[in-house]
Amino acid sequence: MSAKAVREYDGKLLLAHWLLRTPIPASSVSSTRSKFVQPATRLAHVGIDAAFLSTDKTVFSQQVQAQLDNLEQTHPWLLTMKLVAKPDQLIKRRGKSGLLLLNADWPQVRAWITEYAGKEVVVDHVAGVLKTFLIEPFIPHPANTEYYICINADREGDNILFTHEGGIEVGDVDAKALKLQVKVADAFPTPAAIQTALLTHVPANKHDVLIDFITRLYAVYVDLHFTYLEINPLVVLDPTPELPALVFYLDMAAKVDQTAEFEAGPKWAYARAPQNIGLPQKPGRGVDAGPPLDFPAPFGRELTKEEAYIQELDSKTGASLKLTILNKDGRIWTMVAGGGASVVYSDAIAALGQADELANYGEYSGAPTETQTYEYAKTILDLMTRSPIPHPLGKVLIIGGGIANFTNVASTFKGIVEALTEFKQPLIAHKVRIFVRRGGPNYQEGLRSMRQLGETLGVEIQVFGPETHITEIVPLALTGKGSGLDQSGTATSSTQLSSGNLIQDQLLGSSTPLNAGSRASSPPPPEERMTYFQDQSGDGTDAGHDKNTPFTVHTRSFIYGMQPRAVQGMLDFDFICKREMPSVAAMIYPFGGAHVQKFYWGTKETLLPVFTTMEEAVNKYPEVDTVVNFASCRSVFDSTRDIFRYSNQIRTISIIAEGVPERRARQILWEAKRRNVLIVGPATVGGIKPGCFKIGNTGGMMDNIVASRLYRPGSVAYVSKSGGMSNELNNIISRTADGVYEGVAIGGDRYPGSTFIDHLLRYERDPGCKILVLLGEVGGVEEYKVCEAVKNGTIRKPVIAWCIGTCAKMFATEVQFGHAGALAQSDLETADAKNRALRAAGVIVPETFEKLPLILSQTFQALVKKGIITIRPEPETPKIPIDYSWAQELGLVRKPASFVSTICDDRGQELLYAGMSISDVFKEDIGIGGVLSLLWFKRRLPVYACKFIEMVLMLTADHGPAVSGAHNTIVTARAGKDLVSSLCAGLLTIGDRFGGALDGAAEQFSSAYDKSLSPREFVNSMRKQNKLILGIGHKIKSRTNPDLRVEIIKDYAKAHFPSTPVLDYALAVETLTTSKKDNLILNVDGAIGVLFVDLLRHSGAFTREEAEEYINIGTLNGLFVLGRSIGFIGHFMDQKRLKQGLYRHPWDDISYLTPGNELGRTVASLDSINKKAA
C-alpha cells in the first residue's frame, strides 16, 4: 500500500517544522502584511509497549509511570499549562467516544493516562488496547472560530475542502464544504483563487492569514507527499489591536505516500529529529538526520509478533511477503502466491459463508527465494498449529496461486515442503488437510514434490494444476466437493499432451506428433548460427499509428533497462508467432556504454544494439513506437519524462515498476494525456496481443503461452488490474472460448496511466474483438465509467465483469489487500457496490468469480450460434525453443560439469566452507586456522591443530628484506608495479633453495623414519648420495644460538600433540649433524615439516593414506606461501608508503667480468692486432 496513515503527533511535527520552510511559488505569495504565525511547538508523546500487558501488568504500570515522570523533565511546560490529552492510534471521532480530556492540568492528565493506558475500548465496533497518547496545550476559543480543512487527492488532482463550520459536529463535509480543485497540470493556486473558492463565509479580517496558511499547508502537502491531510477543528482566533489572527491546528488526521520515502523520507526524518523538537539527541545515527517515519497499524489491528516478522522479511527483499492475522483460532489458513490471487481466494472462502473461520490474509509473490518461502510458510504453520487443543473439525491449509509469470514454482515450493516436513507431527495432531493449486514456470516439478510429500507426511494433500480453476480447491476443501461447474466448456479443442509438460514432450516426444513444418524443426549448422535482420527504418512498414490498435504484428519497441530475460521472452514469442522481425529493436541502458547484446531467434542467434540514450535509439529506429520501461521506482519518473520528449514517435509506454509515488504517477498520466500517449502501468506485468506483440514478461514462460494459445488471436479481449490474474484470464478464456484477442493489465496502483474504460473503448472499436472481459477490484471508481459507457450505448459489445474483494465487508478492521489501490476509501469503492452497479448497467456479472468461466462459455456459444463469431481451424502448435539452462533446471538434459569443487558452495543463501555455514564459522570463532582446515583439509581439525597452523603462519610471515622473495617484492614495488605483480615476483622465488624445503624435509625425515633407518644410517645414506638433508642447517643460528622460532613450535608440539615421533627422529639427526658443525641445526622449515607429519598422522583426523597424500601434493609449502605472502604484502606497502623510487643496484656491488677476463685470461682486441700487423 502506498498511502499510509501516520500518528497525529508525527503529522503535527511535520507541519510545525515545514510550514514556514517549504518554498512556495512567487505568484502564490500573498502581498498583505497579515501572515500566518507558527504557534510554539508543544507536543508530548506517550508510547507504551503493550506486550507487558500479557506478561506482567505491574511492569506495564511501572513503564507508564516512568514515561510520565520522564515527560516532566523533558517537557516542563506540562507542569504550568492547561492541557489536552487523547489517544494517538488512528481513532476517528475520539470526542464522541469519550476519549478526549480537555482543559486539564498535569496531575489530571497523569491520572487519566494511567487509567486508560492498557485499557481495551470499543470504537465503531472495533476493539483495541490504548497504548499511545498525545498531550498538547489547551487552546481556549469560541465555537465560531472553529473551521474545517481537508486536502485529498484523486486522479484529476488535489482537492482542498474548507468550511467555516468545523468541530465535533462538522457533519457531512462532502456536501457542505467549499472546494478548490488543483488539477495535476494546474499552476499552484493563487491567493485570489483561494479567497474566491474557499473563504466566502469567513470574516474578512481573517482572509489574509487564512490565505497564507492554506497556501503554506498545500505547499507542505505537495512537498512532503501527503495523500490526505485533515484538520478539524482549525481554530482561527479573531485579530486584536495587539495581535493578528492566530491559527491553531487542534485535531489532525494525515496519510503520506510511503512509496515516496526515497524523495521525502529525509524531510520526514529531519522534522522529527530530537534536536529539532527540543529533546536530547539519542546516540547512534540512521540513514537520515532523524528517525524513520512510523506507520502504525489501524486501531484494533496491532501487529502481532509474527506479522512484524514477515513485515521485516518483506522490507529486506525485492519480493513481496504479506501477512495479516484475522482470526488466530480460525480453521481455514491460506498461503497464496500473488496479490490478485490472494483476494480471489479470500472472496471464495467468504462466498461459502466461512469468512469467520478465515484465519489470515496474505500473499507471497515476486519470486521469493527458497529460504524466504520457508520462513513465510514456517510462520503460518506455527500459528496454525499453536493451539494446545485441536479444532474438532480439523483445519484446512490452502496453498493456492495464479499462473506465475516468471517465478520458478518448484523453487518456491521447496521452501514450503521443507516447512511442512518440519511441522509433520503438529499437522497430524491438528488434523490438517492441505489443498494445492498452482501454475507457472516449472509448476509440474513443484506439484510433483507436493504429491510426493503427501505420500510420506501423514496428512491429506490434494494437488491441482492450471487445468483446474484457480479457486476450485476452495469448495473442495470446505465442503468436500467441487463447485459442480463445468470449468472447461471449451468451444475449440486443443492438442492433448501426454506429460503435462509441453517443453518435455517436445524434447522427449509425446503421443501427439509435431508438425514437420515447424520453424524450429532442426538446429542450424554452425555456419548459420547467426540471424541478421534488415533495417526497416525507411520502408514505411505500418506507417501511422492507430490509437485503437497500439499493438500489431509490425509493432517494434525499445526496452528501457538491462532486461535480457524479458527481451528473450519477447523474441521467443515473436518467433512462435512467426513474426518476420523481432518486436524488440534495441535496449536503452544509461549506465553502460553502447554495445550489442546477443539473443536467440528460435535456435539461431541474433544481435540487438544497446544504446545509452533515447536520442540515439530514436534516431536509429524511427519505426519504433513503443517503449517498455523497466526503470526502478526511483528513476522511472525521470526516464519516462525523457521518453515523452519523443512523443511524436513513441505512442505507447509500459511502466513496469512498482512503488512509483502517487504524485509522480499522476504527473505521468496527465503528461501522457496531453501528448496523446498510451500508458500501461505503473506496477504492471504489461499486456499481450496474441500473434502480434507481448510486453516484457506478460504471459509467463513459453509453455504457458502455448497452453493458453496466445500465439494466435481469439475473440475475447480483457482488461485487468492484476498481472497474475491476467494469466488466469488467459487460461480461462482459452478453455471456455476461442482464446484471447488482446489482454492488458493496467497495474494495481491507485492511479494507473490508463484505465479500464480506455482499453474497453479500444476493444469496442476493434472489429476483431467480439467479447469484452473486465476484472476489477475493491478500491477506486473507474468501473463506474464502464457502467456509464454501457448504459449510454457507447459500448455495445457483450461485457462480462467481476470485481474481486467482496470479502472486505466481512472483516472487522481495515485490511489492505495485495495491490496498492485495493482499499475502499468509501462505500462507492467496495467490490459489492461496483458489481451491483455493473449488473444494473447491463453488464454480465456472475454471482461469484467461480462462475465467470461458465458465464463466458455461455456468452461465447451464444455468439457462435448467432454467427457473430466464427470458429477458425486451430493452427499447428508451435515448437518452443528452450534455453539449455532452463532445460537443465527442468531436469530434461544433462552434461558433465567443467569443474568439480568439494570445499566451498556459494549457491545457497549462505556461503558454505566444507559444509559449514559462514555464520557458524564466526559463531564458533574457529579462527583462520579453522577456516584453513575446512578449505584445505575439508574437515574440522582439533583446536590445538588449528592453533598450530596459525603459529606456522605467524612464524613464516617474514624474515627480513634481504631474503630473495622480499627483495624481489621490494624491487618490483619500486618499479611502480601494483600489489599483485609485486607479490607474484616474490612468490616466484620460492622453491627448494628458498622457503620450499618444508615438503622436502617432511618427505626425507618421514621416509627414513618409516624405513626404520637409524639417524646415523640416514645421515650416512644422504652423504653417499651427495644430497643435502633438507630442513638441516642455518646461516646464522647454531646449537649454542638456537632459533627461537623452532623452540616455540617444538615446545608447543610437546605440550599439545598426542605424539611426535618424526620430530624426535629429526632431533636425533640434529644431534649427529651438529657434532660435525654447530650450525647444522634443525631449522624452522625442517621443524614445521616434521611436526606437520606428526600432526597429520596422529591427530586422528586423517587416515595414513590421506596424510601421505597431503604431504605429496605440496600442502606444507602452501603454508609457507600463505604465511610469507603476509610479509611480502607488508614490504610492498612499506615501499609505497615511503615513496621509494626505482631501484638500481650499485656498481660497487657487482663484479664486472668483461670478455677475456672471465677466468684470468686476456684476449687481444682487434685494434691491437691490427696495430701490431702494421
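Arginine 735 sits in helix 21 (residues 723-736); helices (H or I, at least four residues) and strands (E, at least two) are DSSP runs, numbered from the N terminus. Arginine 735 is partly exposed, with a relative accessible area of 28%; buried means under 20% relative accessible area, exposed over 50%, and partly exposed in between (1.4 Å probe, protein chains only). From arginine 735 to proline 203 the distance is 532 residues in sequence and 68 Å in space, C-alpha to C-alpha. The model is predicted: local features need pLDDT of at least 70, side-chain atom pairs count only at pLDDT 80 or more, and totals for chains, interfaces and linings use all residues. Residues are numbered from 1 along each chain as its sequence is written, and side-chain values use heavy atoms, with hydrogens and water left out.

**The protein as a whole**

- The protein has 39 helices and 35 strands.
- Its C-alpha trace spans about 125 × 90 × 90 Å along the principal axes.
- Of the 1174 residues in the protein, 53% are buried.
- Contact means heavy atoms within 4.5 Å. Among contacts with a separation of 6 or more, 74% join residues 24 or more positions apart.

**Helix 9**

- Helix 9 (residues 339-351) has 13 residues, and its first and last C-alpha atoms are 19 Å apart, close to the 18 Å expected at 1.5 Å a residue. The expected span of a helix is 1.5 Å times one less than its number of residues.
- Helix 9 is largely enclosed by the rest of the structure, because 12 of its 13 residues are buried.
- The buried residues of helix 9 include Gly339, Gly340, Tyr345, Asp347 and Ala350.
- Glycine 353 follows helix 9 and has a positive phi, near 75°.

**Helix 36**

- Helix 36 (residues 1084-1098) has 15 residues, which should span 21 Å at 1.5 Å a residue; the end C-alpha atoms are 21 Å apart, which agrees.
- At the start of helix 36, a side-chain oxygen of asparagine 1083 comes to within 3.2 Å of the backbone nitrogen of aspartate 1085.
- Just after helix 36, glycine 1100 has a positive phi of about 85°.

**The second largest pocket**

- The second largest pocket holds about 1,100 Å³ of space. A volume is the space filled by probe spheres set on grid points, which are joined across faces, edges and corners.
- On a 1 Å grid over the protein atoms alone, a pocket is an open set of points with protein on both sides within 12 Å along at least five of seven lines, whereas a cavity is a set of points where a 1.4 Å probe fits but cannot get out; lining residues have an atom within 4 Å of a point.
- The second largest pocket is lined by 32 residues, and the closest to its centre are Gly1031, Ile1032, Gly1033, His1034 and Asn1083.
- Helix 33 (1015-1024), helix 35 (1061-1076), helix 36 and helix 38 (1115-1137) are the elements that give two or more residues to this lining.
- The lining has 15 nonpolar, eight polar and nine charged residues. Ala, Val, Leu, Ile, Met, Phe, Trp, Tyr, Cys and Pro count as nonpolar, Asp, Glu, Lys and Arg as charged, and the others, Gly among them, as polar.

**Threonine 956**

- Threonine 956 belongs to the loop between helix 29 (943-955) and helix 30 (964-974).
- With a relative accessible area of 2%, threonine 956 is buried.
- Apart from its neighbours within four places in sequence, threonine 956 is in contact with Ile1088, Leu1119, Phe1120, Gly1123 and Arg1124.

**Cis peptide bonds**

- Asparagine 232 is joined to proline 233 by a cis peptide bond, with omega near 0°. Proline 233 is part of strand 11 (residues 226-236).
- Glycine 681 is joined to proline 682 by a cis peptide bond, with omega near 5°. Proline 682 is in the loop between strand 26 (678-680) and strand 27 (686-689).

- Lysine 578 is not a glycine, yet its phi is positive, about 65°. Lysine 578 lies in the loop between helix 16 (564-576) and strand 21 (584-588), and is partly exposed at 45% relative accessibility.
- Lysine 1139 also has a positive phi, near 55°. Lysine 1139 lies in the loop between helix 38 and helix 39 (1166-1173), and counts as exposed because its relative accessibility is 71%.

How values were computed. A polar contact is a pair of N or O atoms within 3.5 Å; within protein, one must be able to donate a hydrogen and the other to accept it, and residues adjacent in sequence count only if both atoms are side-chain atoms.
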